[in-house]
Amino acid sequence: MDKRSAKLFQDAARYIPGGVNSPVRAFNGVGGTPLFMERGEGPYLFDADGRRFIDYVGSWGPLVLGHNHPRVVAAIHDQLARGISFGTPTEIETALAAKVVAMLPSVEKVRMVSSGTEAAMSAIRLARGITGRSHILKFEGCYHGHADSLLVKAGSGALTLGIPSSPGVPAELAQLTLTAAYNDLSQVTAIFQQHGGDIAAVIVEPIAGNMNCVLPANGFLEGLRKLTARYGSLLIFDEVMTGFRVHPHSAQGLYGISPDLTVLGKIIGGGLPVGAFAGAAKFMDQIAPTGPIYQAGTLSGNPLSMASGLATLEQVSAANFHSELAASTDKLAEGLRTIAKSVGIPMVINNVTGMFGIFFSNSPTISNYADVAACDTERFKLFFHGMLARGVYFAPSAFEAGFVSSAHGAQELDTTLTTAEEVLRKIKKEFG
Ligand code: KE4
C-alpha cells in the first residue's frame with residue numbers, strides 16, 4: 001500500500017520531531033502514517049509509492065492555481081536566474097505590495113514577512129503599540145499561527161492534537177488573550193463592556209478555516225466592526241487563508257467590511273514562504289523604520305516568494321477567476337450534500353468560493369467551535385481513509401478546511417463525488 005512512505009516516515013522520525021515539520025501533517029487526527037509526496041501537477045499529488053491523488057489540501061491553501069502552474073513556475077525561474085536573496089530592497093517587493101494594495105481597498109501599505117504566524121504576531125504588536133493597550137480578543141477554534149499570545153484556544157493543528165492552549169505560554173501572557181465563541185456577538189459585547197478600554201485589538205478569521213470551515217453569521221463581522229470602533233480597538237482580519245481565495249478583494253470584499261489591519265500569507269507567496277500585514281498608512285507607518293514599533297526579518301520580501309506570489313495574484317485577478325472557482329466549489333459541496341442525503345448519513349457541508357468543510361453531524365448547521373467539537377470524528381476518519389485509499393486526498397484532520405483550486409476540473413470533481421458516494425455507502429452499510 002504505502003511501503004515507501006512508511007519507510008520514509010520511519011527515517012524522518014529519527015531526525016525530525018514526529019517525522020514532520022508541522023504537526024497537522026502527521027496524520028494524528030486520522031490515524032495511520034502520513035504519505036510522503038514527491039510531485040504535484042495541477043490538481044494532483046503523486047506519493048512516494050507512485051500513486052496519484054486528487055489534492056484538496058493544496059499545501060494548506062497557497063495553491064489556489066493548483067500545483068506548478070506554468071506562469072508561476074516561469075516567474076520563479078526568471079527570478080532565480082537573477083539571484084535567490086539579496087537582503088536589500090528589490091523592485092519586485094514593491095510590485096507585489098502595490099498589487100496587494102490595488103486588490104484590498106482597506107490597505108494603503110504592506111509589510112512582507114515569511115509566514116502567517118509572523119504576520120499575525122506583528123499585527124498584534126502593532127495594534128498594542130498604537131493603542132497602548134495589552135489585551136487582545138480572539139475566537140475559540142480560530143488559528144492565527146503559533147505566536148504565544150495567539151496559542152490560546154487555537155484551532156488547526158493545536159486543536160487536532162488536543163492542545164488548543166499550549167504549554168510553554170506563560171499564564172501572565174495568556175491572560176491578556178480574551179476569547180469568545182465564534183459568531184457570538186453578545187459574548188463579545190459583554191467582554192467589551194467589561195474590558196473595552198483595555199482591548200488593543202480583535203483578531204478574527206472572517207471565515208474560520210481552522211476548526212474546519214465555519215462561515216460568519218449575518219451581522220457578526222459588522223458587529224465586530226462597530227464594537228471595535230466604539231471602544232477604540234483595532235479590528236484585525238486574519239486573511240492568511242481567505243486572502244484572494246474567496247473573492248478578488250478577499251473576505252473583506254465578500255462581506256463589505258473594512259478592517260483596520262489585514263494579515264495575509266499562503267496565496268500571496270504562491271507556495272513559497274510568505275506572510276504580510278497591511279493597513280492604512282496611519283497605522284503601518286508606526287512600524288520601524290518610520291515608526292517606533294519594531295519588526296524585522298532576514299528573508300522578508302524574498303524575491304522568489306515575491307515572484308511566485310505576484311504571478312499567482314495576476315492569475316487570480318482574471319475577470320472570471322472567482323466565479324469559476326465558486327462554481328467548482330458549489331458543485332462539489334452540493335454534490336456531497338445530495339449524496340449524504342441519498343445514503344442517509346447526516347452531514348453538514350459548509351462552503352464558500354474555493355473553501356469547504358465536511359462535518360459528520362446531526363446538527364442542521366455548524367457555526368462555532370462547540371458545534372464542531374460535537375461532530376463525529378470517528379466517522380470522519382473512516383471517510384478520510386476511504387477516500388484516500390481511492391485516490392482522493394483531503395486534509396488529515398476533522399478540524400481543517402478543504403480547498404478547491406482553478407486546476408480542479410469537471411473530471412476531478414465528478415470522480416471525487418462518485419468516490420464519495422461509494423465510500424459513504426460502505427460506511428453506512430458497515431457502521432449504520
Ligand atoms: P503559517 O505560520 O503557518 O504560514 O500561518 C499561520 C496561519 C495564520 N492564520 C491562518 C488563518 C492560518 O490558517 C494559518 C495557518 N494555517 C494552517 C492550516 N490550517 C497551516 C497548516 C500547518 O500548520 O501546517
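What relative accessibility does arginine 39 have, and does that count as buried, partly exposed or exposed? Arginine 39 has a relative accessibility of 42% and counts as partly exposed. Buried means under 20% relative accessible area, exposed means over 50%, and partly exposed lies in between (1.4 Å probe, protein chains only).

## The model

This is a predicted model, in which local features need pLDDT of at least 70 and side-chain atom pairs count only at pLDDT 80 or more, while totals for chains, interfaces and linings use all residues. Residues are numbered from 1 along each chain as its sequence is written, and side-chain values use heavy atoms, with hydrogens and water left out.

## Salt bridges

Side chains of opposite charge can pair when their charged atoms come close. A salt bridge is defined here as a side-chain nitrogen of Lys or Arg within 4 Å of a carboxyl oxygen of Asp or Glu. The whole structure holds 13 salt bridges. One of them joins arginine 39 to glutamate 41, with the closest N and O atoms 2.6 Å apart. Glutamate 41 is partly exposed, at a relative accessible area of 45%.

## Pairs that involve helix H15

Helices (H or I, at least four residues) and strands (E, at least two) are DSSP runs, numbered from the N terminus. Lysine 331 forms a salt bridge with aspartate 414, and their closest N and O atoms are 2.8 Å apart. This pair links distant parts of the chain, 83 residues apart: aspartate 414 lies in helix H15 (residues 410-431) and lysine 331 in helix H12 (residues 321-343). Aspartate 414 is partly exposed at 36% relative accessibility, and lysine 331 is partly exposed at 33%.

Another salt bridge connects glutamate 422 with arginine 390, the closest N and O atoms being 2.9 Å apart. Glutamate 422 is also in helix H15, while arginine 390 sits in the loop between helix H14 (377-389) and strand S13 (392-393), 32 residues away.

## The sheet

Strands of a sheet pair through backbone hydrogen bonds, either parallel or antiparallel. In this model, four strands form an open sheet with mixed pairing, in the order S1-S2-S3-S13. Strand S1 (37-41) and S13 are at the edges with a single partner strand each, so one side of each has no neighbour in the sheet. Two strands count as paired if DSSP finds at least two bridges between them.

Strands S2 (residues 44-47) and S3 (residues 52-55) run antiparallel and are joined by three bridges. Leucine 45 has phenylalanine 53 in S3 as its bridge partner. Helix H15 packs on the sheet and touches S2, S3 and S13, where contact means heavy atoms within 4.5 Å. The direction of H15 makes about 100° with that of S3; axes are lines fitted to C-alpha atoms, for helices over the stretch in contact, and angles run from 0 to 180 degrees between N-to-C directions.
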